[in-house]
Amino acid sequence: RTVYFRKAWKNLAPSGDTVLAQSNVTVAPALTSLNDRPYVAYLKSTSSVQAAYHNGSTWKNLGAAVSTSANIAKIQLASNDNNVYLAIMTVDKKLSIYSSSGTSGWSMVGSALNADTTSFHLLAKNNGPFVLYLSSSNKKPYYASYSSSWNSTSISDMGCRNITGAFASNGSWVAAYVDTTKSYSGYYALYDNGNNRKARDLSIA
């Protein structure tokens, strides 16, 4: 079997390779899309994030770079029908969320989450950003939603090593998490579109 990558992928540049930036920073970039436009965020330095989008013919910076006081450990992007959201976790375990209309610069959503986290996953509901994270102190999973301020709610009493999740088309959602045992067992919790929990700690076979 032969796989033709030139048939599968198209470079988003008039000619040659698309090189947005060159850096020695090892934190992975983040990708999302809004209104059929691809968006990418990447570290310009150990403490600054630049985002860009492709307008159909060229890459354009999405506002100025976002700078942090501490070095950055991880970044993620997410989007809904109206906005792009950027999550930045620094090495001092602080998690901050930023919002953009998709062409404007970034504005911080509230203040930094009082999450003290080492693992998180950024999602976007129709009414704004939504964060799943693990507390670094007790390793337990939480979700945080924003309404004039960030509000965190426990998902499980289980100690975990990482977490992820996804929304269904009807607004219900699932959180999946892996425990801290040597078996790396996976579990999930289910919620309806009003964030009412329907089940938790169900084993992923």
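Is Ser 33 buried, partly exposed or exposed? Ser 33 is partly exposed, because its relative accessible area is 44%, and the cut-offs are under 20% for buried, over 50% for exposed and partly exposed in between (1.4 Å probe, protein chains only). A word on what you are looking at: this is a predicted model, in which local features need pLDDT of at least 70, side-chain atom pairs count only at pLDDT 80 or more, and totals for chains, interfaces and linings use all residues. Residues are numbered from 1 along each chain as its sequence is written, and side-chain values use heavy atoms, with hydrogens and water left out.

**Figure 1. The whole chain.** Here you can trace 1 helix and 17 strands; helices (H or I, at least four residues) and strands (E, at least two) are DSSP runs, numbered from the N terminus. The chain has a radius of gyration of 18 Å, close to the 17 Å from the globule rule for 205 residues, so it is as compact as a globular protein of that length. That radius is taken over C-alpha atoms, and the rule is 2.2 Å times the number of residues to the power 0.38. Along its principal axes, the C-alpha trace spans about 50 × 50 × 35 Å. Buried residues make up 41% of the 205.

**Figure 2. Ser 33 and its surroundings.** Ser 33 sits in strand E1, which covers residues 30-34. Setting aside residues up to four places away in sequence, Ser 33 touches Pro 38, Tyr 39 and Ser 79, where contact means heavy atoms within 4.5 Å. If you look for Gly 186, 153 residues apart from Ser 33 along the chain, the two C-alpha atoms are separated by 29 Å.

**Figure 3. Ala 30, in strand E1.** Ala 30 is also found in strand E1, and its relative accessibility of 5% means that it counts as buried. Beyond its neighbours within four places in sequence, Ala 30 is in contact with Tyr 39, Val 40, Ala 41, Ile 75, Gln 76 and Leu 77. Between the C-alpha atoms of Ala 30 and Ala 87 there are 9.7 Å, with the two residues 57 apart along the chain.

**Figure 4. Tyr 143 against Trp 173.** The structure holds 9 aromatic pairs. Rings of Phe, Tyr and Trp (its six-membered ring) pair if their centres lie within 6.5 Å; planes under 30 degrees apart count as stacked, over 60 as edge-to-face and the rest as tilted. Tyr 143 and Trp 173 have ring centres 5.2 Å apart and planes at 75 degrees, so this pair is edge-to-face. Since Tyr 143 lies in strand E12 (residues 141-146) and Trp 173 in strand E15 (residues 173-179), the pair ties together parts that are 30 residues apart in sequence. Tyr 143 counts as buried, at 7% relative accessibility.

**Figure 5. Trp 173 with Tyr 191.** Trp 173 is buried, with a relative accessible area of 3%. Trp 173 and Tyr 191 form a stacked aromatic pair, 4.1 Å centre to centre with 5 degrees between the planes. This pair links distant parts of the chain, with Trp 173 in strand E15 and Tyr 191 in strand E16 (residues 186-191), 18 residues apart. Tyr 191 is buried, as is Trp 173.
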